[in-house]
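Please look through the model shown here with its sequence alongside.

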Amino acid sequence: MLQIRRDLVAEMVAHARRDHPDEACGVIAGPDGTDRPERFVPMTNAARSPTFYEFDSAEQFQLYREMDRNDEVPVVIYHSHTATEAYPSRTDIALASEPGAHYVLVSTRHPDEIELRSYRIVDGQVTEEPVEVVESYLFSHTGADDVPDRG
């Protein structure tokens, strides 16, 4: 399951809508070993295509250097589909190279709807997973009743 903050979902959707009709793409990095998306990094789609995305190679190199320095990993790799559902294409599956990442797709085919889905893609196998959108990672698994009283 992907647990992700609402503000990060809003950033992905806004990026997808801003780049439409081309596909948008990016990464949400997080601390190594936590599976917690934290740092939103929109990338340039070097392909500038409505049917394909490719990270700008210089941006990608810089991002991976930053993640190494910060002990981060790509927790979420996202991109948009502009005319189809939020499901990985054959090309998306073939190019998926981060087995630990959540691959999030945002469809912008309907301007008034948010269609966001998450997948694990490992060795060509696609598994959809639930997405839990939370306000904060603090206490997100326990509910509001478990927030300590301030006194």
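Which unit do S4, helix H3 and S5 make? Together, S4, helix H3 (residues 90-95) and S5 make a β-α-β unit that is right-handed, a term that applies when, with the strands pointing away from the viewer, the path from the first strand over the helix to the second runs clockwise. Helices and strands are here DSSP runs numbered from the N terminus, a helix (H or I) having at least four residues and a strand (E) at least two. The model is a predicted one, in which local features need pLDDT of at least 70 and side-chain atom pairs count only at pLDDT 80 or more, whereas totals for chains, interfaces and linings use all residues. Residues are numbered from 1 along each chain as its sequence is written, and side-chain values use heavy atoms, with hydrogens and water left out.

The two strands of this unit, S4 (residues 72-81) and S5, run parallel and are joined by six bridges; strands are said to pair if DSSP finds at least two bridges between them. Within this pairing, Val76 has His102 of S5 as its bridge partner, and Ile77 stands opposite Tyr103 in S5. On the other hand, S5 pairs with strand S6 (residues 115-122) in the antiparallel sense, over five bridges, and there Tyr103 stands opposite Tyr119 of S6. S4 also has an antiparallel pairing, with S2, to which seven bridges join it, and in which Gly26 stands opposite Tyr78 of S4.

How many of the six residues of strand S5 are buried? Six of the six residues of S5 (residues 102-107) are buried, so the strand is largely enclosed by the rest of the structure; buried means under 20% relative accessible area, exposed over 50%, and partly exposed in between, with a 1.4 Å probe and protein chains only. In a regular strand the side chains alternate between the two faces of the sheet. In S5, His102, Val104 and Val106 point one way while Tyr103, Leu105 and Ser107 point the other way, and all are buried. S4 is mostly covered as well, with nine of its 10 residues buried.

Helix H1 (residues 6-19) has 14 residues and reaches 20 Å from its first C-alpha to its last, close to the expected 20 Å, where the expected span is 1.5 Å times one less than the number of residues. Its buried residues are Leu8, Val9, Met12, Val13, His15 and Ala16. Seen down the axis of H1, these residues fall within an arc of 160°, so they line one face of the helix; the arc is that of the directions from the helix axis to the C-beta atoms. An α-helix has 3.6 residues a turn, so residues three or four places apart point the same way.

Charged pairs come next. The model has 11 salt bridges, each being a side-chain nitrogen of Lys or Arg within 4 Å of a carboxyl oxygen of Asp or Glu. Glu38 forms one with Arg5, the closest N and O atoms being 3.1 Å apart. Because Glu38 lies in the loop between strand S2 (25-31) and strand S3 (39-43) and Arg5 in strand S1 (residues 2-5), the pair ties together parts that are 33 residues apart in sequence. Glu38 counts as partly exposed at 28% relative accessibility, whereas Arg5, at 16%, counts as buried. A further salt bridge, with closest N and O atoms 3.7 Å apart, is formed by Asp35 and Arg120. This pair links distant parts of the chain, since Asp35 is in the loop between S2 and S3 and Arg120 in strand S6, 85 residues apart. Asp35 is partly exposed at 36% relative accessibility, and Arg120 is partly exposed with a relative accessible area of 24%.

Gly100, found in the loop between H3 and S5, touches both Asp35 and Arg120, not counting residues up to four places away in sequence; contact means heavy atoms within 4.5 Å. Gly100 counts as partly exposed, at 49% relative accessibility. Ala24, in the loop between H1 and S2, is by contrast buried at 0% relative accessibility. With residues up to four places away in sequence again not counted, Ala24 touches His15, Ala16, Asp19, Tyr78, His79 and Ser80.
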